[in-house]
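Work through the following exercises with the sequence and the model side by side. Each task is followed by a solution in steps.

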Amino acid sequence: MSDRQLTDWRQHALALESEVNKVVVGQSNPIRLITTAIFARGHVLLEGDVGVGKTTLLRAIARGVGGAYQRIEGTIDLMPNDLVYHTYLGEDGKPHVSPGPILEAGEDLSIFFFNEINRARPQVHSLLLRVMAERTLTAFNKEHHFPHMLVFADRNQVEKEETFDIPSAARDRLMMEIPIVVPKDHDIMESLVFDTRFHNVDKLVSGVPENILEYKELNAFSALLQNSVTASPALRQYALELWQATKSPLDYGVKVSGVDMNRLVLSGASPRGMGMLLRAARVNAWLNNRDAVLPDDIHAVFHETIAHRVVFSPVYEMRRTEIAREMLDGIINVIAAP
């Protein structure tokens with residue numbers, strides 16, 4: 001790949017970030033991570049309370065990426081078929097079938113947003129998992145392909161009734177889990193509350209230029225990008241040590257306050273997860289105008305790509321977020337970077 005192509009695409013990526021940062025203020029790090037996932041071609045779970053701007057953020061991203069954007073709401077009565085087709089009575093009084101949100105846009109589907117995914121039943125998760133993994137779906141006696149689709153989801157973290165945890169297998173298909181929190185900057189908080197331009201989401205999102213990225217070219221460019229950014233033998237060894245430490249943190253002297261480290265980890269990050277970590281790290285290096293991965297590139301995406309893959313003993317699951325943060329920070333601090 002020519003340096004010119006890498007530079008041109010980087011300019012488009014930074015332009016996308018710039019435009020989205022105008023719409024969703026105070027979220028520059030999550031926006032950088034989402035940009036990274038887009039160019040690494042990975043699915044994403046957004047974590048955050050209600051009303052912090054997750055949907056607005058995704059609508060802005062989808063407009064800049066181009067292609068079709070579809071959304072579905074997770075509910076207790078949602079069934080797998082609801083993702084595939086709708087049934088309704090026509091004016092002729094007869095039942096009719098129309099394509100559901102996954103099928104409606106066909107191969108032009110670029111971003112599929114599953115809102116409150118943990119309200120849906122495991123059967124729905126299972127179907128979505130298969131579509132995420134294969135980017136195909138068999139329906140109406142035909143195989144449908146979604147080569148450009150990225151799945152974004154968020155989950156309701158407030159209500160516990162009628163919700164279903166996402167199984168480990170499904171979470172491992174997600175490249176990243178990205179937290180979206182309320183900005184702490186006083187000026188930004190004041191703007192979000194009192195600046196009326198942030199109150200009209202439709203108008204706000206419409207200000208993002210369409211098709212900043214050529215979504216149909218992202219797969220090919222991503223493959224070429226991965227081949228253009230190198231990782232030295234020392235960097236590879238470093239990544240392997242980080243991986244081993246997620247499986248046996250106590251062997252590396254990593255401790256978490258108030259936790260029995262002998263009982264904490266049931267399984268560490270998967271090989272797939274480590275592969276996604278390196279894919280994301282290469283994109284981060286490219287976004288920072290480098291052609292080789294540095295430890296800083298791994299650190300920039302380590303928590304978001306690895307934390308949700310480590311399986312803890314059930315007794316510690318309620319404290320997963322804080323334990324995972326402390327454990328992974330400990331791993332980064334204890335293992336010497338090349």
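**Exercise 1.** In which helix is Arg32 found? Decide also whether Arg32 counts as buried or exposed, and list what Arg32 touches.

*Solution.* Before starting, note that this is a predicted model, in which local features need pLDDT of at least 70 and side-chain atom pairs count only at pLDDT 80 or more, while totals for chains, interfaces and linings use all residues. Residues are numbered from 1 along each chain as its sequence is written, and side-chain values use heavy atoms, with hydrogens and water left out.

Step 1: Arg32 is found in helix α2, which covers residues 28–40; helices (H or I, at least four residues) and strands (E, at least two) are DSSP runs, numbered from the N terminus.
Step 2: Buried means under 20% relative accessible area, exposed over 50%, and partly exposed in between, with a 1.4 Å probe and protein chains only. Arg32 has 19% relative accessibility and therefore counts as buried.
Step 3: Contact means heavy atoms within 4.5 Å. Not counting residues up to four places away in sequence, Arg32 touches Leu14, Glu17, Asn284, Leu287 and Asn288.

**Exercise 2.** Locate Gln226, and find which residues are in contact with it when its neighbours within four places in sequence are left aside.

*Solution.* Step 1: Gln226 belongs to helix α8, residues 218–228, and is buried, with a relative accessible area of 10%.
Step 2: Leaving aside neighbours within four places in sequence, Gln226 is in contact with Leu278, Arg279, Arg282 and Val283.
Step 3: Gln226 and Glu73, by contrast, are 153 residues apart in sequence and lie 34 Å apart in space, C-alpha to C-alpha.

**Exercise 3.** Describe how helices α9 and α13 cross, and which residues meet there.

*Solution.* Step 1: The axes of α9 (residues 233–247) and α13 (residues 320–334) come within 10 Å and cross at roughly 140°. Axes here are lines fitted to C-alpha atoms, for helices over the stretch in contact, and angles run from 0 to 180 degrees between N-to-C directions.
Step 2: From α9, Tyr238, Leu242, Ala245 and Thr246 meet Met327, Leu328, Ile331 and Ile332 of α13.
Step 3: By class, this contact of α9 with α13 has seven nonpolar residues, one polar and no charged, where Ala, Val, Leu, Ile, Met, Phe, Trp, Tyr, Cys and Pro count as nonpolar, Asp, Glu, Lys and Arg as charged, and the others, Gly among them, as polar.

**Exercise 4.** Which residues have the most contacts inside the largest nonpolar core?

*Solution.* Step 1: A nonpolar core is a set of buried Ala, Val, Leu, Ile, Met, Phe, Trp, Tyr and Cys residues joined through side-chain atoms within 4.5 Å. The largest one has 82 residues, and those with the most contacts inside it are Ile38, Phe39, Trp286, Ile298 and Met327.
Step 2: Helix α11 (residues 271–287) supplies the largest share of this core, 10 residues.
Step 3: Apart from this core lies another, of 26 residues, including Leu83, Phe146, Met149 and Ala153.

**Exercise 5.** Where are Glu116 and Arg135 placed, and what is the phi of each?

*Solution.* Step 1: Most residues other than glycine have a negative phi.
Step 2: Glu116, in the loop between β5 (109–115) and α4 (122–134), has a positive phi of about 55° although it is not a glycine.
Step 3: Arg135, in the loop between α4 and β6 (136–139), has a positive phi near 55° and is likewise a residue other than glycine.
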